[in-house]
Amino acid sequence: MARKTSVGGQAVIEGVMMRGANGIATAVRKSDGDISVKFEKIIPYAKRNKFFSIPIIRGFVALIESMVVGIRTLNYSASLFEDENEETDNEPSKFEKWLYKTFGESINNIIMGISLIISIIFAVTLFFIIPTFAANLFSKLHLNTIALNFIEGVIRVAIFVIYIYFIGKMSDINRVFQYHGAEHKTVFCYENEDELTPENASKYSRFHPRCGTNFLFLVMIVSIIIFSFTKWSSLPERIISRVILLPLVSGITYEIIRWMGKSKSSISHFFAYPGLMLQKLTTREPDYSQLEVAIKALKRAEGIANEEGEEAK
C-alpha cells in the first residue's frame, strides 16, 4: 500500500528542494563534491489563517507562496557557487556598497521581492498577454467568442511548449531538468515505502502527477474554459480581464491537481496524461549522485534525517 504524503519540491542549481511534513530542505552538490543541506521550518499560510485554507483561495495562496520559496531556494543554490568563484580581494562596486549601506541586511529580501515581481510580469506577459494580443488578430474574421477563446488557448499552450523545449537545450537547464527527474523518482520511491537509496529510486518513473509542469499545463486548459465566459471586448479590457481572473484559474487548477494526486480513477489518469507527457521535456534521467542529493533533501524535509544527515530516531 502506498504511503499517503504530499511531499514535493523543485529542482535548483545542482540540487533539489523538498517540502515535507517537517519543513523545507534544500540539498545542493557543491563543486568539491560535498552536499550542503539547508533546512527551514515554515508554516504554510493555509495553516496560519482559516481564510487561506478555503478551496480555490488556498490554491492561489499556495502558488504565490511556492514562487517565493522557489526563488529563495534558487538564490541559495546560486549563492553557493558565487561564493566559490568570488575572489577574496575583489572589492565590491560603489553601487553594491550603496545598496548594503542603504538597505543593510534587508537587501536580500528586497532583491527577492524584485525577482518575484519580474517573474510574475514575465510569466503573465509571455503566457497571457501575448496570446491574447495574437488571438485578437483573428477577431477580424468575425469568429464567435468561443472560437476566439479556443484560438487564444491553443496559442498559449503552443508558446508554453516551445518555451520549455528551447530552454531545455541549454546545458545548465538540462542539468536542472536532471535534478527535476531525481526529485520525482525519489518522491515515488518514498511514496511506495521503498528504502531510500539511489539504486531503488532509479527504478521509478520520472513523471509525477503532482508536478508543477502538470499544474502549469492545466492552467492553460482551465484558462480556456474560464475565459470562454468572458466577452470578446476591446483588447485592453481583454488583457485586464485575464490578469484579474488569474487567481481564480490558478485556484481551480490547484484543486484539480490535489484531486489527481489522490484519485486512482481512469478520469484522473486521463486528465493527468498530457501533463505527464509534457514532463518528457521538463525532466531528464538523473544519475546516482543526483538521486543522492534528492534523497538527502527529502529525508531532512520529512524529519527522517537530522542536521548531520543521520537517521532520526
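Contact means heavy atoms within 4.5 Å of each other. Helices (H or I, at least four residues) and strands (E, at least two) are DSSP runs, numbered from the N terminus. The model is predicted: local features need pLDDT of at least 70, side-chain atom pairs count only at pLDDT 80 or more, and totals for chains, interfaces and linings use all residues. Residues are numbered from 1 along each chain as its sequence is written, and side-chain values use heavy atoms, leaving out hydrogens and water.

**View 1. Helix α11 and its surroundings.** Helix α11 has 14 residues. From first C-alpha to last, α11 reaches 20 Å, close to the 20 Å expected at 1.5 Å a residue.

**View 2. Helix α6 crossing helix α11.** The axes (lines fitted to C-alpha atoms over the stretch in contact) of α6 (residues 171-191) and α11 (residues 288-301) come within 8 Å. They cross at roughly 55°, which makes α6 oblique to α11. Oblique covers angles left over from roughly parallel (under 35 degrees), roughly antiparallel (over 145) and roughly perpendicular (65 to 115).

**View 3. Residues between α6 and α11.** The crossing of α6 and α11 is right-handed. On α6, the contact includes R175, Y179, A182 and Y190. On α11, the contact includes Q290, L291, A294 and L298. The contact residues divide into nine nonpolar, three polar and three charged.

**View 4. Just after α11.** Here G303 takes a positive phi of about 75°.

Conventions. Axes are lines fitted to C-alpha atoms, for helices over the stretch in contact, and angles run from 0 to 180 degrees between N-to-C directions. A crossing is left-handed if the near helix is turned anticlockwise from the far one by less than a right angle, and right-handed if clockwise. Ala, Val, Leu, Ile, Met, Phe, Trp, Tyr, Cys and Pro count as nonpolar, Asp, Glu, Lys and Arg as charged, and the others, Gly among them, as polar. The expected span of a helix is 1.5 Å times one less than its number of residues.
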